[in-house]
Amino acid sequence: MSSTDSKAYAKVVENGVQAVEEAKNLRNTGYSVEEIYVLAHQKDRTEKIAETANAKEVGVKEEGMFDSVANFFRSRGDELRSKITSMGFTKEEADFYESELDLGKVLVIANRKS
């Protein structure tokens with residue numbers, strides 16, 4: 001499932017290799033490194049894929065200080081949903097994408113800077 005509009009795009013891929021390829025494709029279509037993010041269910045996996053894909057992780061800048069601090073007290077699923085909604089997606093979209101991450105998939109997000 002993909003979600004596209006003028007600001008945000010998301011694609012669920014099966015693994016890190018596909019996430020790296022999708023990030024490369026997005027850069028080739030005009031997104032900058034600063035506009036491409038990856039999320040996986042495990043934090044260390046997110047870090048490794050982001051580094052390999054030359055992409056970013058959703059952090060304080062994207063989430064805001066309050067949500068970023070609140071994530072210390074949330075379950076990983078709640079944290080991921082918060083990160084996804086902070087990128088411009090609805091709660092329903094965040095629920096769907098987080099359920100895909102539960103299955104071991106990776107979410108690649110491209111978000112145009114306004």
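Helix α6, residues 91-102 of this predicted model, has a length that can be checked against its residue count. At 1.5 Å a residue, its twelve residues should span 16 Å, and the end C-alpha atoms are 16 Å apart, which agrees. The expected span is 1.5 Å times one less than the number of residues.

The buried residues of α6 are Ala94, Tyr97, Glu98, Glu100 and Leu101. They cover an arc of only 155° around the axis, which puts them on the same side of α6. After α6 comes glycine 104, whose phi is positive, near 95°.

Threonine 85 belongs to helix α5, which comprises residues 76-86. Its relative accessible area is 34%; because buried means under 20% and exposed over 50%, threonine 85 counts as partly exposed. Beyond its neighbours within four places in sequence, threonine 85 is in contact with Thr90, Lys91 and Ala94. The distances and area computed for threonine 85 are collected below.

| Item for threonine 85 | Value |
|---|---|
| Relative accessible area | 34% |
| Side chain to the backbone oxygen of serine 82 | 3.1 Å |
| C-alpha to the C-alpha of aspartate 95 | 9.4 Å |

Threonine 85 and aspartate 95 lie ten residues apart along the chain.

The strands provide a further element of the picture. Strand β2 spans residues 8-13, and five of its six residues are buried, so β2 is largely enclosed by the rest of the structure. β2 pairs with strand β4, residues 106-111, in the antiparallel sense over six bridges. Within this pairing, tyrosine 9 stands opposite alanine 110 of β4.

For the chain as a whole, there are six helices and four strands. Read along the sequence, these elements follow the pattern β-β-α-β-α-α-α-α-α-β. Of the 114 residues in the chain, 46% are buried. The accessible surface comes to about 6100 Å², and carbon and sulfur atoms account for 52% of that area. Among contacts in the chain with a separation of 6 or more, 61% join residues 24 or more positions apart.

Terms used: Residues numbered from 1 in each chain as written. Predicted model: local features only at pLDDT ≥ 70, side-chain atom pairs only at ≥ 80, totals over all residues. Heavy atoms only, no water. Helix = DSSP H or I, 4+ residues; strand = E, 2+ residues; numbered from the N terminus. Buried < 20%, exposed > 50% of the residue type's maximum accessible area, 1.4 Å probe, protein only. Contact = heavy atoms within 4.5 Å. Areas by Shrake-Rupley, 256 points an atom, 1.4 Å probe, with all protein chains shown as cover. Polar contact = N/O pair within 3.5 Å; in protein donor to acceptor, adjacent residues only side chain to side chain. Arc of directions from axis to C-beta. Pairing = 2+ DSSP bridges.
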